Amino acid sequence: MTLPIRYTIIPARPEAHLYRVTCTVEDPDPSGQRFALPAWVPGSYMIRDFARHVVSIRAESRGRPVTLEKLDKHTWRAQAVAGPLSVSYEVYAWDLSVRGSHLDTGHGFFNGACVFLRALGHESAPCELEILRPTGARYRDWRVATAMSRKGAGPFGFGRYVAADYDELIDHPVEMGEFTLASFRACGAAHDIVITGRHRADLARLRRDLKRLCEAHIRFFGEPAPMKRFVFLITALGEGYGGLEHRASTALVCSRDDLPREGEPEVSERYRNFLGLASHEYFHTWNVKRIKPAAFVPYDLDRENYTTLLWAFEGITSYYDDLALVRCGLIERKDYLELLGRLISSYLRTPGRARQSVAESSFDAWIKYYRQDENSPNAGVSYYVKGSLAALCLDLLIRDQTQGRKSLDDVMRALWQRHGLTGVGVEEDGFERLADEVAGLRLRRYFDDWLRSTRELPLKTLLAAHGVAMELRPAESAQDKGGAPARTKATAGLAMLGIRARTQGDDAGVTHVLEGGAAQGAGVAAGDVIVAVDGLRPGQAGLDAALAKRRPGERVVIHAFRRDELMTFDAQLGRAEADTCVLAESAGAKRLRERWLGPRRG
Ligand SMILES: [Zn+2]
């Protein structure tokens with residue numbers, strides 16, 4: 001019989017942001033038990049070295065101290081002992097993100113990867129976790145929310161929880177505090193919505209809309225749901241956006257204004273973004289949490305896990321997140337086409353799409369996508385954005401070539417049957433082989449073009465075949481995200497400097513200098529602070545206003561500080577490219593369009 005690894009965690013000093021954790025191994029490795037903290041958290045492909053937040057650590061056995069030797073940045077080895085071995089340590093938790101851990105006198109949140117040591121060689125042993133209430137009257141009303149199974153703890157209570165192994169232990173994030181709770185059932189599975197932070201959300205509406213969304217996803221892959229219970233752990237802030245997927249829960253950070261207000265009948269743009277985020281993370285319950293790349297089976301928590309398939313796991317998930325909203329009627333078709341138009345615009349505004357393929361972008365996620373810098377738009381492409389558009393092309397191509405008999409939906413369901421339900425990882429070429437088989441087509445040359453080259457995607461042709469007209473126009477301003485027709489007729493071409501900037505007081509701080517643009521040609525660099533264009537300060541109206549009356553080809557003199565040195569640049573303004581996408585339903589191909597987007601409602 002495998003003895004369980006026992007953990008306790010207590011928010012010991014919320015005011016100092018310290019959890020105290022103990023890990024006890026009954027039958028430690030006789031040659032000296034090793035313990036390690038993960039270098040990364042699955043779902044967020046970046047080395048984060050959580051061990052840097054371990055503040056103090058010691059070990060004991062039967063009441064006597066045991067020596068701990070540190071072997072590398074995140075591994076410790078205890079002196080050999082015969083009996084039960086306990087390691088106790090404090091973890092500093094002050095990262096209010098879905099990937100970290102956080103603790104103050106208001107609430108606590110943690111990912112197991114940040115706080116629980118892995119007892120090497122005991123990874124498959126069951127884990128018992130005791131979550132203890134912090135001491136003090138102010139914590140009297142705190143509750144606990146997690147998708148981990150209870151073993152003694154009451155519903156939403158402190159106490160004992162259990163996980164089948166270490167992998168499961170760290171896949172159930174935990175929230176504690178005085179949160180808002182709402183519940184619903186979707187296809188028989190219990191779902192909880194837990195909201196931390198001040199908010200005035202319309203809970204009845206959230207319940208109704210999320211239920212509709214969850215049922216759509218469950219039915220897409222086929223009932224029953226792969227989990228008995230699911231928890232949405234939502235942190236509402238002034239400003240924030242992010243999500244991390246788990247097998248039976250998701251941690252979301254959003255702005256409190258993204259949540260629906262009572263008496264607000266329509267789906268606001270902000271609420272639409274929130275629904276898209278919830279949809280994305282929920283779809284991951286199948287795609288990446290159960291259908292996994294072979295490179296993640298099992299995860300190697302000590303180092304980077306390389307795969308060229310993030311385009312499929314993140315890109316396809318991104319494709320279905322908004323598509324599910326229109327298919328289940330939470331948003332209208334014109335809203336979906338607006339979102340898709342914006343996505344295509346953001347893709348076309350990334351010069352790096354000519355330099356990095358989406359397979360390369362997936363592989364290098366660890367050092368590029370997750371470590372963006374001022375040159376990122378010039379050097380690379382997002383596997384979310386291009387991956388999603390490659391998924392769109394693949395879906396439309398299969399629909400077109402099979403006269404609507406097959407689609408990417410069928411490929412996803414086959415992946416679920418073949419890999420999700422069996423736990424067999426998807427090999428690097430596995431997705432493509434299965435797509436060929438399910439569609440009955442030879443798709444190799446499309447995959448070569450769309451995934452492994454930087455050739456442009458045939459978006460316009462494929463959309464046209466499905467009754468959607470795609471038009472490109474120049475941007476009207478830096479705020480123009482695309483997706484909608486131009487507001488003014490004068491689209492002859494805005495004069496462009498070729499930078500991205502943010503207002504800094506009355507000046508403009510250059511964040512990115514785009515490849516081939518006027519600013520780059522003149523010598524402007526990221527980090528420069530533009531204090532004048534032709535002798536005038538940009539002011540609160542910003543560079544857009546300063547350039548509004550200029551024409552492409554005109555010259556302007558730019559004064560900017562680089563560090564503390566004033567520089568002068570002579571730039572010849574460029575012309576805004578037609579990189580802003582507008583989509584609209586066209587007359588033909590009604591049958592294919594309805595099969596793709598679902599029938600028009602109401
Ligand atoms: Zn994702």
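Modeller: Contact here means that heavy atoms lie within 4.5 Å. The model we are discussing is a predicted one.

Biologist: Which residues does Leu434 touch, leaving aside those up to four places away in sequence?

Modeller: By that criterion, Leu434 touches Val411, Ala414, Leu415 and Arg418. For one of these, Arg418, there is also a C-alpha separation: it is 9.3 Å from Leu434, and the two residues are 16 apart along the chain. Leu434 itself belongs to helix H11, which covers residues 430-439.

Biologist: Why is Leu434 counted as buried?

Modeller: Buried means under 20% relative accessible area. Leu434 has 4% relative accessibility, and therefore it counts as buried.

Biologist: How much of the protein chain is made up of buried residues?

Modeller: Buried residues form 56% of the 602 residues in the protein chain.

Biologist: What secondary structure elements does the protein chain have, and how many?

Modeller: The protein chain contains 16 helices and 30 strands.

Biologist: Why is the protein chain called as compact as a globular protein of its length?

Modeller: The globule rule gives 25 Å for 602 residues, and the radius of gyration of the protein chain is 26 Å, which is close to that value; the chain is therefore as compact as a globular protein of that length. Along its principal axes, the C-alpha trace spans about 80 × 65 × 50 Å. Of the contacts with a separation of 6 or more, 68% are between residues 24 or more positions apart.

Biologist: What can be said of the surface and the charges of the protein chain?

Modeller: The accessible surface comes to about 25,800 Å², and carbon and sulfur atoms account for 48% of it. There are 83 positive and 78 negative side chains, with the centres of the two sets 3 Å apart.

Biologist: What makes a residue a donor of the zinc ion, and which residues are its protein donors?

Modeller: A donor is an N, O or S atom within 2.8 Å of this metal. His280 (NE2), His284 (NE2) and Glu314 (OE) lie 1.9 to 2.1 Å from the zinc ion, so they meet that limit. Along the chain, these donors follow the spacing H-x3-H-x29-E. Both His280 and His284 are buried.

Biologist: How do you know whether Arg62 is buried or exposed?

Modeller: Exposed means over 50% relative accessible area. The value for Arg62 is 65%, and so Arg62 is exposed. Arg62 sits in the loop between strand E4 (54-61) and strand E5 (64-66). Its phi is near 45°, a positive value in a residue other than glycine.

Biologist: What kind of peptide bond joins Glu223 and Pro224, and what kind runs from Val297 to Pro298?

Modeller: The bond between Glu223 and Pro224 is cis, with omega about 0°. The bond from Val297 to Pro298 is also cis, with omega near -10°.

Biologist: Where do Pro224 and Pro298 lie?

Modeller: Pro224 is in the loop between helix H3 (203-221) and strand E19 (229-237). Pro298 is in the loop between helix H4 (269-283) and helix H5 (310-327).

Terms used
Residues are numbered from 1 along each chain as its sequence is written. This is a predicted model: local features need pLDDT of at least 70, side-chain atom pairs count only at pLDDT 80 or more; totals for chains, interfaces and linings use all residues. Side-chain values use heavy atoms; hydrogens and water are left out. Helices (H or I, at least four residues) and strands (E, at least two) are DSSP runs, numbered from the N terminus. The radius of gyration is taken over C-alpha atoms; the globule rule is 2.2 Å times the number of residues to the power 0.38. Buried means under 20% relative accessible area, exposed over 50%, partly exposed in between (1.4 Å probe, protein chains only). Accessible areas come from the Shrake-Rupley method with a 1.4 Å probe; for residues, only the protein chains shown count as cover. Lys and Arg count as positive and Asp and Glu as negative; His and the chain ends are not counted. The place of a charge is taken as NZ of Lys, CZ of Arg, CG of Asp or CD of Glu. Donors are N, O and S atoms within 2.8 Å of the metal (3.2 Å for Na, K and Ca); water is not among the atoms, so sites may look incomplete.
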